[in-house]
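Subject: Structure handover

Hello,

Here is the structure we spoke about, with notes on what was found in it. Please look through the model first and then read on.

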Amino acid sequence: MNQQPHIPPAPLAVRMTASGVTKRFDGRAAIEDVSFSVDAGEFVAVLGPSGAGKTTLFRCLTGLLAPDAGAVRIGGVDIAAVKGRARRRVAVVFQQFNLVSRLTALDNVLAGRLGHVPAWRGLLRRFSRADRLLALECLDRVGLLDKALQRADTLSGGQQQRCAIARALAQRPDLIVADEPVASLDPAASAGVLELLRGIARSEGVGIVCSLHQVPYARAYADRIVGLSHGRLVTDVPAARFDEAAFAALYGAEAGAGKF
């Protein structure tokens, strides 16, 4: 029986470190030598044009892809070496919510506890009182406590994404990877979700990496902006310093004209 590597508690200051991460497909690098870190309580936005390698990077950050070179470490442990339940230290928030529509909001959030309970309890949905209370606390944190017993498919888009964030919180992760979480939402709901993610980073000490297409959202809500172009990291700056020159370096001089 294979032993899982021991995972020590994450350092207080650092939740995730990517070091020289490279991934190739058919000999072509989708991302190459990408390095950055995410601190506790920090919201890092990842920007870049289509085809820049953001999806490949996020799959490496979550352990879904093993890099060909370099490493992603969560609490000092290489995520590629971690299997099964130990993956719970990284939670993912998807663009399309990935909720089970026929289940209640509470039941969807309880799915975040699957990595913490015996498999039979998860299969039978026999969660403990403590797990149910935690799930309710997570729903309360995202402003959906009054929707706990409502079917997921009756919630608005913004409410469904908040439910997905509550599910991620229920994992008690060190890192939340949010893959274009507001791409399907209207501006008001988008602002609410990003404000929520930023608040969670601050209050829970979770590191958050969030892929965005909208530069104004990144500048308004992120602490730092990491930019990818042609698979390479071309900028890593505090959000307040992401100016017209940084935009032009990421998207091209013509695209950057008049943006700031």
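Four strands make up an open sheet, ordered S2-S1-S4-S5, and their pairing is antiparallel. Strand S2 (28-39) and strand S5 (77-78) are at the edges with a single partner strand each, so one side of each has no neighbour in the sheet. Strands here are DSSP runs of E with at least two residues, helices are runs of H or I with at least four, and both are numbered from the N terminus. Two strands count as paired if DSSP finds at least two bridges between them.

Some notes on the source. This is a predicted model, in which local features need pLDDT of at least 70 and side-chain atom pairs count only at pLDDT 80 or more, while totals for chains, interfaces and linings use all residues. Residues are numbered from 1 along each chain as its sequence is written, and side-chain values use heavy atoms, with hydrogens and water left out.

Back to the four-stranded sheet. Strand S1 (residues 14-25) pairs with strand S4 (residues 69-74) in the antiparallel sense, over five bridges. Within that pairing, valine 72 in S4 is the bridge partner of alanine 18. Helix H1 (residues 54-61) lies across S1, S2 and S4 and runs at about 55° to S2. Contact means heavy atoms within 4.5 Å. Axes are lines fitted to C-alpha atoms, for helices over the stretch in contact, and angles run from 0 to 180 degrees between N-to-C directions.

S3 and S8 pair in the parallel sense over four bridges, and valine 46 stands opposite serine 211 in S8.

Next, helix H6. H6 has 18 residues and reaches 25 Å from its first C-alpha to its last, close to the 26 Å expected at 1.5 Å a residue. The expected span is 1.5 Å times one less than the number of residues. The buried residues of H6 are Ser190, Gly192, Val193, Leu194, Leu196, Leu197, Ile200 and Ala201. Buried means under 20% relative accessible area, exposed means over 50%, and partly exposed is in between (1.4 Å probe, protein chains only). The buried residues of H6 pack against strand S3 (43-47), helix H4 (129-141), helix H5 (157-170), strand S7 (175-179), strand S8 (207-211) and helix H7 (215-221).

On to salt bridges. The count is nine, where a salt bridge is a side-chain nitrogen of Lys or Arg within 4 Å of a carboxyl oxygen of Asp or Glu.

- Lysine 23 forms a salt bridge with aspartate 68, with the closest N and O atoms 3.6 Å apart. This pair links distant parts of the chain, 45 residues apart: lysine 23 is in strand S1 and aspartate 68 is in the loop between H1 and S4. Lysine 23 is buried at 12% relative accessible area, whereas aspartate 68 is partly exposed at 44%.
- Glutamate 32 forms a salt bridge with arginine 232, with the closest N and O atoms 3.4 Å apart. Here too the pair links distant parts of the chain: glutamate 32 in strand S2 and arginine 232 in strand S10 (residues 232-238), 200 residues apart. Glutamate 32 is partly exposed at 28%, and arginine 232 is partly exposed at 42%.
- Glutamate 195 and arginine 198 meet through their side chains in a salt bridge (2.9 Å, N to O). They are three residues apart in helix H6 (residues 187-204), which means that about one helical turn separates them. Glutamate 195 is partly exposed at 38%, as is arginine 198 at 22%.

Last, the cysteines. A search of the whole structure finds zero disulfides, a disulfide being a pair of cysteine sulfur atoms within 2.5 Å. Cysteine 60 is buried at 0% relative accessibility, and cysteine 163 is buried at 0%.

Regards
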